[in-house]
Structure formats: structure tokens, C-alpha cells
Amino acid sequence: MTLALDGGTAAITAEWPAWPPALDDNQRSKLAGVIESGHLGSTSGPLCDEFADAFAHRHDTTHGVMCVNGTVALFAALRAAGVGPGDEVIIPTYTFVACATSVILLGATPVIVDVESDDLHMSRETIEEALSERTKAIMVVHIAGSACDMDPIMDLAAERDLFVVEDSAQAHGATYRSRSVGSLGHASTFSFQSSKAMTAGEGGIVCTSDQGLADRVWSACNVGRSREGAWYGHPTVGWNFRMTELQAAVLLPWLPRLDEEIAHRNAFAATFAQRLEELGTDARICPDPDGAEVNTRHLLMVRLGRDDGSVFDRKWINDALAAEGLPVDYGYPGLAVMDSVIAGGGKPMPTPRFDAVAERTLWIRQSMMMADPDRAVQAANVFHKVLGDPRSRR
Ligand SMILES: *Cc1c(COP(=O)(O)O)cnc(C)c1O
């Protein structure tokens with residue numbers, strides 16, 4: 001069979017589902033209700049509060065505070081924990097740039113650590129390599145939709161009196177040892193930006209079961225007011241980081257369908273993995289960390305090769321897959337090597353575990369996993385065909 005790259009017919013011609021999906025009837029009617037009411041902002045409408053409570057409870061926490069996006073949520077949570085100039089916050093190299101920039105925004109230093117080469121998550125071991133006198137907090141990232149191995153990290157945090165925030169921007173609905181992601185650290189953050197599992201275009205939330213922390217986050221996002229205080233009382237410095245009621249109207253009806261969508265993506269992922277196995281393809285899905293249970297499949301991280309030293313030509317593979325109708329991504333370059341370590345604000349640690357596998361990792365996005373699971377068979381067939389070509393290796 002001639003590869004599409006060489007002029008053959010593309011194996012996959014059907015479109016992959018768009019993300020976000022079209023608004024459903026519940027979202028449309030909630031949205032219409034907000035428009036009718038005229039209460040477009042959360043200072044007059046009830047929906048942001050209603051959603052914050054529902055989302056926080058869904059993630060086994062008692063308090064939720066809405067804000068404009070996931071980056072600001074990280075900033076507000078760390079600030080509420082007292083992180084500021086001179087402090088260091090440990091973050092993983094394999095994540096979105098916001099993990100670093102939210103720390104830089106506080107005048108603190110993100111210390112960028114390695115991730116485990118099999119699952120690409122940070123671990124107690126990789127964190128320990130970066131501890132210093134200045135370490136104030138750890139930002140764990142439940143990357144791709146699966147939880148970090150949190151128990152050892154929380155033990156370390158207790159030993160060293162460190163604050164732990166869980167960046168759960170990719171893990172709405174994920175679980176770890178029968179507990180919900182978002183409830184495992186001292187605070188957690190989620191994003192509702194367009195690419196995430198629940199989205200209103202933009203949006204964010206901080207969840208916690210620490211009332212004092214929630215109040216400080218709320219104040220930071222509500223121009224320094226206190227919840228019970230006067231409208232023009234501003235006892236602390238804060239900003240207007242509020243989300244709108246229009247966004248809450250889109251998000252509220254999403255909560256009850258989240259689990260079903262997670263299950264759908266997992267069915268796709270399982271079929272894809274099984275088919276790769278059947279075919280004996282030189283690729284597999286990255287495993288989850290110990291203790292991770294529900295993986296929400298924000299991204300399907302595909303590992304090329306079997307750790308036998310083969311060197312892959314990722315660019316050629318990417319082009320060949322795209323030509324067959326399977327567009328995949330390279331994924332993140334490490335933050336530890338990004339644009340002069342994000343213009344000088346970050347402190348990179350050596351990342352040998354990540355470096356060893358970076359070129360052998362590809363992503364299939366969440367939107368594609370919303371397709372029928374039988375299309376996962378097609379996707380795996382295409383991987384098999386492309387990786388069977390000698391040009392896929394260097
Ligand atoms: C999307 C994302 C963020 C940032 O969220 P925004 O809402 O885009 O600001 C932070 N961390 C991770 C891991 C993300 O994927």
C-alpha cells in the first residue's frame with residue numbers, strides 16, 4: 001500500500017470531531033435565560049456561584065472560586081498561600097507555559113524539574129532534586145488527564161511544610177486512589193479555555209477545602225473585597241478576575257455529561273491500544289502513574305518504540321500520519337529549554353528522563369477521541385502502516 005505521503009490514497013477521509021462540540025439544548029436554554037435576565041455578570045447573577053459550588057463538590061472540595069482563566073487561578077491560589085518574591089515554586093518541565101508564568105507573575109521563581117520518562121508526570125523523586133531553602137510550594141500537574149502519584153508528594157510536602165497546588169487544567173473528573181483530583185493537595189485549579197474537557201471559551205476555578213484560603217482567593221479575584229464586607233471596602237489588594245454568567249451558563253449543563261464524555265474517550269483509547277498490540281506496532285500508550293485511576297484522556301500520549309534505542313524521525317512520522325488523515329501533535333518541548341527558560345524568569349534543573357523520550361512522544365488530542373471507537377482501529381492501522389516504513393527511523 002502506497003503511503004498517502006507518496007501519492008497513495010489517504011486511509012482516513014472522514015472529518016474528526018470538532019472541539020468544543022456544538023452547544024447542546026441545555027446550554028442554549030441556560031444561555032437564553034441569562035440573556036433574558038440581563039444579569040450578564042456574577043455580581044448580579046447566581047450562576048457563577050452555583051457552578052463554583054457544584055464543580056467544587058464534584059471534585060471533593062468544599063469551596064470553589066471562579067476566575068477568568070487557569071493561569072490566573074494558579075496565580076491566585078499561590079498568592080493566597082503566601083508565595084511571593086524570593087520564593088521558589090517547583091513545577092514540571094512537561095507542561096503548558098502558564099505553570100511557569102503564573103509563578104513569575106508573583107515575582108517568585110518557577111524551578112523546573114524533570115518528569116518520569118514512562119508516564120511524563122513529576123514525582124516525589126524529581127521534586128526532591130530541586131528542593132532548596134527557598135522552596136515554598138509545589139505545583140503538580142495532572143498532565144494529559146491522569147493524576148500524579150500524589151501520596152508520596154503530599155508526604156514530602158508535610159515533611160518540608162510546603163504548599164501544594166494541583167494544576168488540574170487537563171484533568172476535570174480524574175481520580176487517584178478513589179479520591180478526586182482537585183482534593184488531593186491544599187488547593188487545585190482548573191481551566192475552561194477552549195481546548196479543555198469542559199469549556200466556555202475561557203474561564204477558571206480554584207477549588208479547596210480550606211475556607212481561609214478560599215476567602216483570600218475570592219478577595220484577589222474580587223478587587224480586594226471581603227465576602228461579607230462593604231461594596232467599597234477593599235481591605236486587601238485584588239483585581240477584577242471575575243468570570244461571566246454567560247460562561248457559567250455554558251459550564252453548568254456540562255457537569256452532568258462529563259463522566260460520559262470521559263468514558264467515550266477511554267473507549268477510544270482502549271481500542272487504539274488494543275489494536276496497536278494486535279498489530280505488533282512499535283508504539284504504545286504512555287502508562288499512568290501509580291495510583292491514577294480515571295484518566296480523562298485530555299491527550300493520548302503515544303510513545304514510539306520499545307526503549308530499545310531506536311531513533312525515530314518524528315517530523316517524517318508526523319507528516320506521514322497527517323497525509324493519511326491522522327493529524328497528531330509533537331506535544332510540549334520542555335519548559336526547561338523553552339525560549340531562554342521563559343525569558344530568564346525560570347530556573348531549569350537537568351531533565352535527563354524527559355530528554356531521553358521527548359522525541360519519541362506524540363499526542364492524539366481529546367477531540368479525536370470523541371470519534372466512534374471503531375475509528376480508533378483505523379487510527380492504529382495508520383500508525384502501523386507509517387511506522388512500518390523504514391523512513392520512520394533514522
Ligand atoms: C490550559 C492550561 C493552563 C492554563 O489555563 P488557561 O485557562 O489557558 O489560562 C495551565 N496549565 C495547564 C496544564 C494547562 O493545560
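The legends below describe close-up views of a predicted model.

Local features are given only at pLDDT of at least 70 and side-chain atom pairs only at pLDDT 80 or more, while totals for chains, interfaces and linings use all residues. Residues are numbered from 1 along each chain as its sequence is written, and side-chain values use heavy atoms, with hydrogens and water left out.

View 1. The ligand is surrounded by 14 residues; a residue counts as near if one of its heavy atoms lies within 4 Å of the molecule. Gly70, Thr71, Asp167, Ser191 and Lys196 are the closest. The shell holds five nonpolar, seven polar and two charged residues. In this classing, Ala, Val, Leu, Ile, Met, Phe, Trp, Tyr, Cys and Pro are nonpolar, Asp, Glu, Lys and Arg are charged, and the others, Gly among them, are polar.

View 2. A polar contact here is a pair of N or O atoms within 3.5 Å. A polar side-chain atom of Thr71 is 2.5 Å from an oxygen atom of the ligand. Gly70 takes part through its backbone, with a polar atom 2.7 Å from an oxygen atom of the ligand. Asp167 has a polar side-chain atom 2.6 Å from a nitrogen atom of the ligand. The ligand taken alone exposes 380 Å², and the protein buries 94% of that; these areas come from the Shrake-Rupley method with a 1.4 Å probe.

**View 3. The second largest pocket, where the ligand sits.** The ligand takes up the space of the second largest pocket; a molecule sits in a pocket if more than half of its atoms lie within 2 Å of the pocket's grid points. On a 1 Å grid over the protein atoms alone, a pocket is an open set of points with protein on both sides within 12 Å along at least five of seven lines, and its lining residues have an atom within 4 Å of a point. α3 (70-80) and α4 (98-104) each give two or more residues to the shell around the ligand. Helices (H or I, at least four residues) and strands (E, at least two) are DSSP runs, numbered from the N terminus. The volume of this pocket is about 360 Å³, counted as the space filled by probe spheres set on grid points joined across faces, edges and corners. Of its 25 lining residues, Phe96, Ala169, Ser191, Gln193 and Lys196 lie nearest the centre. Two or more lining residues come from each of α3, α4, β8 (187-191) and β13 (361-365). By class, the lining has eleven nonpolar, ten polar and four charged residues.

**View 4. The largest pocket.** This pocket has a space of about 490 Å³. Among its 23 lining residues, Ser42, Asp49, Trp218, Asn222 and Arg227 are the closest to its centre. α2 (47-58) and β1 (63-67) each supply at least two residues of the lining. The lining has nine nonpolar, nine polar and five charged residues.

**View 5. The largest cavity.** A cavity is a set of grid points where a 1.4 Å probe fits but cannot get out. There is one cavity of 30 Å³ or more, and the largest cavity has a volume of about 50 Å³. Its lining includes Asp119, His121, Cys286 and Arg297. Six nonpolar, three polar and three charged residues make up that lining.

**View 6. Two backbone details.** Trp19 and Pro20 are joined by a cis peptide bond with omega about -5°. Pro20 is in the segment before α1 (25-37). Asp60, a residue other than glycine, has a positive phi near 55°. Asp60 is in the loop between α2 and β1.

Key. A polar contact is a pair of N or O atoms within 3.5 Å; within protein, one must be able to donate a hydrogen and the other to accept it, and residues adjacent in sequence count only if both atoms are side-chain atoms.
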